[in-house]
Amino acid sequence: MKKKSFTIADLKHQKVLLVWAAILTIYGIIFYYVPLFGWAMAFENYKPVTGILHSDFIGLDKFKFLFSDATFLRVIRNTLAMGIINLVVTFVMAIVFAILLNEVATKGGKKVVQTISYLPHFLSWIIVTGILHDALSGSGIVNELLVHFHILKAPINFFAHEKYFWPIVAFANVWKETGWNAIIYLAAITSIDPSLYEAAAIDGAGRWAKIKNVTLPGIKPTIMILLLMNVGNVLNAGFEIQYLLGNDLIMKVSQTIDIYVLKWGISQNDYALGTAAGIFKSLVSIILVVFFNNMAKRHGEERLF
Amino acid sequence: MKQKITLKRISGADLAFRIFNTIFMLVFVIVTLYPVLNTVAISLNDGSDALRGGIYLWPRMFTLKNYKTVLEKDNLVTGAYITVLRTVIGTLLALVTNAILAFIVSRKNFIFSKQISLFWVITMYVNGGMIPIFILYKTLGLTNSFMVYVIPGMISAFNMLVIRTYMRGIPDSLEESAQLDGAGYTTIFLKIISPLCKPVYATVALFVAVFQWNSWFDAMLYNRMATEYTTLQYELMKLLSSVTNQASNATAMKNSEGGITPTSIRAAATVVTMLPIVCIYPFLQKYFVTGLTLGGVKE
């Protein structure tokens, strides 16, 4: 069928689509686009009484304050550091797990392990951090094992030392999401042409050689697109777990941009400062997405948009 | 192919790989399951006794007292009720709206298909941030209300795109022949497309339901004062902070009444909170595998 020009009859026919599209677009404008106007607050001496429209314009003062605030610079560092560590570690673990699970010879065993591996994904961060607190507490299983095998002389409080916090957060992410993240790689592995493995076997390739030369190249496009999708979210990955696991002793390494926004914006009622910090986070995220998207385009990989 | 390998003499390297892989999988399973099973054991054990430590996979002094206490706590019961309610209503609303939107943008001859798709894709990358959103909800009167759980996050571009991708895979000829029979879009959506979309609807319903069940931050941020709208996860979080703020086990021991401690109550509440999901998810595996694969598709 050729595309014909648009007529009144079409409009009548599509009326129901247009009505619903209008309703849902209004919803989208209210809940996703209207908050963007709130960004104006960051450039104002915002007071709830005068509102966004009538508060005094102060330009970039709030941003100047942010970037001279040692705490804010530290929360940027923490957010980026934990975001990158988590991204790398969870990525590698998910791929390794998917490849190894695919190599499990017994079908029943594979199914059981995979089902168990999804379990933590369905638990909330509240539950996961609660479990972590138990496991890492002075009388928890981790200390017990470490003391038993003489790696430690006495139990330590893992949540009282700054150096343990980032590894704990990374481990928690791996524990919670490895099985879930592996799903998509397993799907990609099953779609690899079996004749490639047979050809590799004829060439005398062992297990490792097959993984290296067939499996990994086969799932490379999937890896690339997931990496792209996640890089833009690096700064978003820093809230729930840090908020729930952090404490005053390790505040210096546990606080992230979102926690800073919550603390200044909601608890201290400095809406302008909180918004400014939020804008900074959004802008960095968008730059990351666009940058990596273009990079992928140049290398001829699949793109997001 | 696999059978051939087992019939052949297994080479040394192959054997080493299999042993390594088996050990890896065993460690993985133990690390995943142990903390969960340990929580179950503690929840079934006398609270004061549990403080002595040494409880692993099986309770030492079996009791159901912790569960009884949990089920008698008003805030936890309210939380459970609100959580069930938001999961059911939130999932239904999200499913209906995302399905309608996906239907609209997947119609090839609809004039605004492209524009509306873009409008929603943008929302995946740009958002106002915590404070402007907080002010908006306050202005709309959504704070201190149940609605804040089910209205704001209703349509999500990701879920919509998952359904849209699936709908695009349905042959156009079905729609065309229905139109020849005089069917309007409402009929096509309800009678032709939706029945074929059951698997993807189940997937999205599962995603939304899990999200709703596990949410706690919205309860803390928007409904902190409205205790009648508290949720299970938020109450669980309060229990967690009460446990970690405890000065020492000795004070906990002193404060514990009749073998109930904050730790044992929290364990029981945790089990109650995770039980429904843990019981259901193994049977829905094929749905979330479908959803993730569709979600990975670009644009």
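Here is a short chat about a predicted model and the terms used for it.

Visitor: What makes up chain B, helices or strands?
Guide: Chain B has 17 helices and 0 strands.

Visitor: How many residues of chain B are buried, and what makes a residue count as buried?
Guide: A residue is called buried if 20 or more other C-beta atoms lie within 10 Å of its own. In chain B, 37% of the 299 residues are buried.

Visitor: How do you know that Ile163(B) touches Val204(B)?
Guide: Two residues are in contact if their C-beta atoms lie within 7 Å. Val204(B) is on the list for Ile163(B), along with Asn98(B), Ala99(B), Ala102(B), Cys197(B) and Val200(B), leaving aside residues up to four places away in sequence.

Visitor: Why is a group of residues called a nonpolar core?
Guide: Because its members are buried residues such as Ala, Leu, Ile, Met and Phe, joined through C-beta atoms within 7 Å. The largest one here has 76 residues, and Ile163(B), Met160(B) and Ile126(A) are among those with the most contacts inside it. Helix H5 (residues 74–105) of chain B supplies the largest share, 11 residues. There's also a second, separate core of 31 residues, including Met41(A) and Phe280(A).

Visitor: What makes up the side of chain B that touches chain A?
Guide: The contact takes 68 residues from chain B and 64 residues from chain A. Helix H2 (residues 12–43) gives the most on the chain B side, with 12 residues. Sorted by kind, that side has 43 nonpolar, 19 polar and 6 charged residues.

Key: Residues numbered from 1 in each chain as written. Chains lettered and ligands numbered in written order. Predicted model: local features only at pLDDT ≥ 70, side-chain atom pairs only at ≥ 80, totals over all residues. Helix = DSSP H or I, 4+ residues; strand = E, 2+ residues; numbered from the N terminus. Buried ≥ 20, exposed ≤ 12 C-beta atoms within 10 Å, placed from the backbone. Nonpolar A, V, L, I, M, F, W, Y, C, P; charged D, E, K, R; others polar.
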